[in-house]
Amino acid sequence: MIMKRLGISFVLAAALTCVSCIYDFDPQVEDASQFVVVEGDILIGDYSYFRVSESRNLKDLNVFISRFTGTASVECDDGTSASARGSLGEFLIDTRNMKPGKKYRFSVTIPEMDGKIYYSDWVEVHQAGVIDSVTYTIDPQTKSEMWINVTSHNDNDEKYYRWMSSENWEYCADYYATFYYVPDQASKRDYGPGKVLEYENGENTNWCWKVGTVSDVMLGDLSELSQTKFVNHKLYSIDKHDRRVSYLYSPQISQVAISEEAYRYWSSMSKNSDDVGGLFSPQPSECRGNIHCAQDSTELVLGYVGASTVSRCRIFIAQADTRFYEKKKESGTQPEPTLVQKSEWRAYYLEGWLPFQPHFDEEGGMVDPVAMEQFDWLPARCLDCTLLGGTKDKPSWWPNEHR
């Protein structure tokens with residue numbers, strides 16, 4: 001099993017895998033100021049997602065500087081093809097009707113680079129097999145890591161595999177706000193204090209949802225084993241302070257079968273990035289892949305497009321069941337609710353605060369918010385879950401009724 005976190009996201013949103021051959025290290029590669037990176041795979045019987053970017057110097061970890069428009073295609077050796085227009089370097093091609101037993105290749109034309117064409121070698125289709133289950137285990141000793149595991153089998157003679165994980169998770173703000181602030185929209189300079197209103201009909205800024213992909217390289221090798229399956233094969237781990245598992249976490253694991261060449265490529269990419277500090281740091285071997293520039297055969301292009309069927313499985317992991325997540329203790333003083341008078345509302349709002357709840361008197365009784373116009377306020381990051389990177393866009397298939 002190979003699991004290393006790369007310096008950039010070299011994996012894709014849904015299901016893909018990249019393969020490549022390994023070349024001897026060429027010192028001149030380090031001088032390349034810009035080069036094209038192609039990410040993606042041809043997923044037979046599914047949609048194929050590709051990302052095409054231009055990157056800075058190999059030693060620059062802030063690698064992606066531009067993404068392209070243009071047209072990308074998946075071609076079959078029987079003369080058929082499927083294509084799609086792209087924006088921001090992303091191309092989603094419908095390959096649902098393409099069949100195994102043939103050879104395929106990917107190509108893309110980039111107007112921003114004077115119409116340059118980049119294409120992959122022809123590749124054969126591998127059979128993904130079946131994911132039987134996805135499970136989790138918590139390290140019994142440290143209790144600080146949760147492992148996501150896969151059990152799968154394949155009746156075909158496939159020896160090498162790669163897994164990807166696309167993730168959805170629900171989390172909540174640290175405090176549940178029952179009121180919100182509406183600033184005055186007056187056109188004059190003498191703005192009023194604005195209004196504090198109560199949320200209605202279940203609206204809130206407490207529950208949010210977020211989407212991501214796991215950047216670990218997750219590989220499996222059965223070449224030296226007589227078995228044709230993986231049992232509780234560890235894919236990646238999550239720390240107990242990770243907000244992804246703070247409430248409800250749902251990884252969707254995608255499995256593809258890859259060639260031995262692909263396995264060597266990803267093993268090398270993973271090892272090199274771990275040893276020297278980044279995927280695009282100077283590397284002891286250069287993985288250029290199977291992508292070429294039609295106009296210049298000497299141009300450096302990174303990435304490898306393979307072809308495979310795909311198997312997927314999704315699970316839900318609830319904090320109510322695992323009791324695994326622990327909020328990380330932050331240095332400094334934790335924010336306390338602050339009583340803010342109406343005359344100060346706008347000033348606090350502009351400083352990044354929001355109303356939390358009506359103020360309670362010393363005996364625990366709630367002061368009438370309309371009559372007294374006094375509310376306890378907190379920093380917005382404590383009340384608004386969207387400030388932590390998520391949105392209020394709950395997936396239609398999410399299993400609870402939160403809004």
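Is C382 buried or exposed? C382 is buried, with a relative accessible area of 4%; buried means under 20% relative accessible area, exposed over 50%, and partly exposed in between, with a 1.4 Å probe and protein chains only.

The structure is a predicted model, in which local features need pLDDT of at least 70, side-chain atom pairs count only at pLDDT 80 or more, and totals for chains, interfaces and linings use all residues. Residues are numbered from 1 along each chain as its sequence is written, and side-chain values use heavy atoms, with hydrogens and water left out.

**The chain as a whole**

The protein chain contains four helices and 29 strands. Helices (H or I, at least four residues) and strands (E, at least two) are DSSP runs, numbered from the N terminus. Of its 403 residues, 49% count as buried. Among contacts with a separation of 6 or more, 72% involve residues 24 or more positions apart, where contact means heavy atoms within 4.5 Å. The chain exposes about 19,800 Å², of which carbon and sulfur atoms supply 46%; accessible areas come from the Shrake-Rupley method with a 1.4 Å probe, and for residues only the protein chains shown count as cover.

**Nonpolar cores**

In soluble globular proteins, nonpolar side chains tend to be buried together. A nonpolar core is here a set of buried Ala, Val, Leu, Ile, Met, Phe, Trp, Tyr and Cys residues joined through side-chain atoms within 4.5 Å. The largest one has 29 residues, and V52, F106 and Y118 have the most contacts inside it. Strands that each supply at least two residues of this core include β2 (35-40), β4 (46-55) and β22 (291-293). Its largest share, four residues, comes from β9. Beyond its neighbours within four places in sequence, Y118 is in contact with residues including V36, F106, I291 and V301. Another core, of 28 residues, lies apart from the largest one, and A173, L222, F230 and L235 are among its members.

**Strand pairing**

Two strands pair if DSSP finds at least two bridges between them. Strands β6 and β7 run antiparallel and are joined by five bridges, with S73 opposite S83 in β7. Their hairpin has four residues between the strands, and G79 takes a positive phi near 100° there. In a regular strand the side chains alternate between the two faces of the sheet. In β7, A82 and A84 form the covered face, whereas S81, S83 and R85 form the uncovered one.

Elsewhere, an open sheet of three strands has the order β12-β13-β19 with antiparallel pairing. Its edge strands, β12 (130-138) and β19 (229-239), each pair on one side only. Strand β13 (residues 145-153) pairs with β19 over eight bridges, and H153 has K229 of β19 as its bridge partner.

**Cysteines**

The structure holds one disulfide, a disulfide being a pair of cysteine sulfur atoms within 2.5 Å. C208 is joined to C385, with an S to S distance of 2.0 Å. The torsion about this S-S bond is about 65°, so the disulfide is right-handed. The pair links distant parts of the chain, 177 residues apart: C208 lies in strand β17 (residues 207-213) and C385 in the segment after β29 (374-379). C172 is in no disulfide, and the nearest cysteine sulfur, that of C385, is 8.4 Å away.

| Cysteine | State | Relative accessible area |
|---|---|---|
| C208 | buried | 0% |
| C385 | buried | 0% |
| C172 | partly exposed | 25% |
| C382 | buried | 4% |
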